[in-house]
Amino acid sequence: MNAPLRQRMLIVDDDADVRRGLGRVFARSEFSVIEAPDAECAIRVLRGMEPHVVLSDFQMPGMDGIEFLAQVRLKHRKALRVLLTGARDVRVAAQALNRGAAHRLLLKPWDRLDLLGIIRLAQRCSNEHPTARSLELVR
Amino acid sequence: MSTALVLVVEDSELLQRAIACYLETLGYDSACVGSAEEALASDVVDRADLAIVDVGLPQMSGIELVGELKRRRGDALPTIVMSGRTDTEGRVEAFDAGTDDFVAKPVAFPELGRRLAQMLRLRDALLDAQAARERAEQANLYASEAAALLAHDLANGLAVSLCNLEFLAEFHAWSDDEERDACSSSVRALRKMVALVNNFVEIGQLEDAAVVARPSRVGLSELLEDVAGLHRHEAEIKKARVEVSCAPDLEAEVDPVLVERMVHNLVGNAIRYVNEGGAIRMAAEVRDGALAIEVGNTGAPIPVEARGRIFEKYITSGDTRKRRGMGLYFCRLACEAHGGTISVDQRPDYPALFTVEVPAVANASRFSAAAAG
């Protein structure tokens, strides 16, 4: 019998505490979490990884989260894209959502229920992930 | 203070000279021209502190000139029209064109001098008030921007602290209840701070009309139960009950985030003022096609004289000296964003009763049926 597949997740935020805090919660929910401090680093990481979930902060040094997630959309179409943003930027973030760069918004400070919602959605998406299924067959 | 410059537009050279001499005796500078066209072509129009304009000018009339001056300079250039036509219609025509004052010809110089001094005083007061308003707006803008930045930066710290503490609360093997309680009370305190920061940020956005209600189908029973769950522990400290009364399948088209925050604020407020051992009741139903949400408590009624003010910024329903609340102000803005109203009332069973009514029900008959069922 195959061992359950750990879903791969990339968290991009310039605040290490935010990355670790979120990473811990997702790791407990059977996600294999990789962290990146900015979009450029995240893009390098993505060259060697097919993610199930990409969660990115909006305001970061260099490329912002919306532009980054728009790039993720082009190369990793199946990945669930979540934009993390402060309430102050919620209008800009909502536009990103409308333009399709992100599937979901997670507002800082996030609510535990919102986070659980994202985790459940990510788990559901991962189970339907064609790449995930094919990998499971190989195993 | 520099000497005031008066533009005189008069086609009679004799009268021009007489007015200029008189103005000089009063200590004003003057620039005289014989026509409206000459006046408009001159840079004096942009520098003058006041204009005296004759109605009967050779081509463009004085009335038209006043209109043009007002378009260019507005209140910064007060005008006095001179005319031999002193009937009501003539004066009304001059005032309709925008003039600030009127003197009859032949001109009584002492009267002209006093009217002129009065106009300049009013103009200075107006310009001072405008400058003060601009400074206040600028200061307000800086304060809002600084507050928004602070709220934004607080959000990261709060997010991390809350996330980590909730993680510990869920997964840590606590050795005793004291430790567990220390963690969960920190979580509750942080949640309150999060709600405060969110209220603060969203109030700014609601005031700017930057946040609009984004209605979606919301299950009211679930929403009320979620909020009640967050507050039950706090209510228990006051030995108060939190009751929810809502048809299980009641749904409405409202903004879930705004409505949840609104109910959250109302329940938080109710817990603050409920009596020891009392009760807080949350209810939702459809009345006349509108969604009505009630949050009442068995504490003391809100004084009648305070009811009109409690939805204003920084006022609380209790001792106004504490001035700690923006929660009810947020509720009002959130209601208004839905095109609804919020009110406070007194009922025998719930002396302090808040009622929110939002006409945000997509299909009233369907929801009414659901509510009745």
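Reader: What counts as a salt bridge here, and how far apart are the closest N and O atoms of B:Asp49 and B:Arg123?
Author: A salt bridge is a side-chain nitrogen of Lys or Arg within 4 Å of a carboxyl oxygen of Asp or Glu. In this predicted model, B:Asp49 and B:Arg123 form such a pair. Their closest N and O atoms are separated by 3.2 Å.

Reader: Which parts of chain B does the pair B:Asp49 and B:Arg123 tie together, and how many residues apart in sequence are they?
Author: B:Asp49 sits in the loop between α3 (44-47) and β3 (50-54) of chain B. B:Arg123 belongs to helix α6 of chain B. The pair therefore ties together parts whose separation in sequence is 74 residues.

Reader: How many salt bridges does the structure hold over all chains, and how many does the rule find across the interface of chain A and chain B?
Author: Side chains of opposite charge can pair when their charged atoms come close. Over all chains, the structure holds 33 salt bridges. Across the interface of chain A and chain B, the number found by the rule is zero.

Reader: What area is buried between chain A and chain B, and what share of it do carbon and sulfur atoms give?
Author: The contact takes 20 residues from chain A and 23 residues from chain B. The area buried between the two chains is about 2000 Å². Of this area, the share given by carbon and sulfur atoms is 62%.

Reader: How are helix α1 of chain A and helix α6 of chain B oriented, and what is the hand of their crossing?
Author: Helix α1 (residues 16-28) of chain A packs on helix α6 (residues 109-171) of chain B with the axes 9 Å apart and at an angle of about 30 degrees. Angles under 35 degrees count as roughly parallel, so α1(A) is roughly parallel to α6(B). The crossing of α1(A) and α6(B) is left-handed.

Reader: Which residues of α1(A) and α6(B) meet, and what is the make-up of the contact by class?
Author: On the α1(A) side are A:Asp17, A:Val18, A:Gly21, A:Leu22, A:Arg24, A:Val25 and A:Arg28. They meet B:Asn156, B:Val160, B:Cys163, B:Asn164, B:Phe167 and B:Phe171 in α6(B). By class, the contact has seven nonpolar, three polar and three charged residues.

Reader: How do helices α2 and α3 of chain A cross, and what is the class make-up of their contact?
Author: The axes of α2 (residues 39-46) and α3 (residues 65-75) of chain A come within 10 Å and cross at roughly 15 degrees, and the two helices are therefore roughly parallel to each other. α2(A) passes α3(A) in a right-handed crossing. A:Ala39, A:Ala42, A:Ile43 and A:Leu46 of α2(A) make the contact with A:Phe68, A:Gln71 and A:Val72 of α3(A). By class, this contact has six nonpolar, one polar and no charged residues.

Conventions:
Residues are numbered from 1 along each chain as its sequence is written. Chains are lettered from A and ligands numbered from 1 in the order in which they are written. This is a predicted model: local features need pLDDT of at least 70, side-chain atom pairs count only at pLDDT 80 or more; totals for chains, interfaces and linings use all residues. Side-chain values use heavy atoms; hydrogens and water are left out. Axes are lines fitted to C-alpha atoms, for helices over the stretch in contact, and angles run from 0 to 180 degrees between N-to-C directions. Helices (H or I, at least four residues) and strands (E, at least two) are DSSP runs, numbered from the N terminus. Angles under 35 degrees count as roughly parallel, over 145 as roughly antiparallel, 65 to 115 as roughly perpendicular and the rest as oblique. A crossing is left-handed if the near helix is turned anticlockwise from the far one by less than a right angle, and right-handed if clockwise. Contact means heavy atoms within 4.5 Å. Ala, Val, Leu, Ile, Met, Phe, Trp, Tyr, Cys and Pro count as nonpolar, Asp, Glu, Lys and Arg as charged, and the others, Gly among them, as polar. Buried area is the accessible area (1.4 Å probe) that two parts lose on being put together, summed over both.
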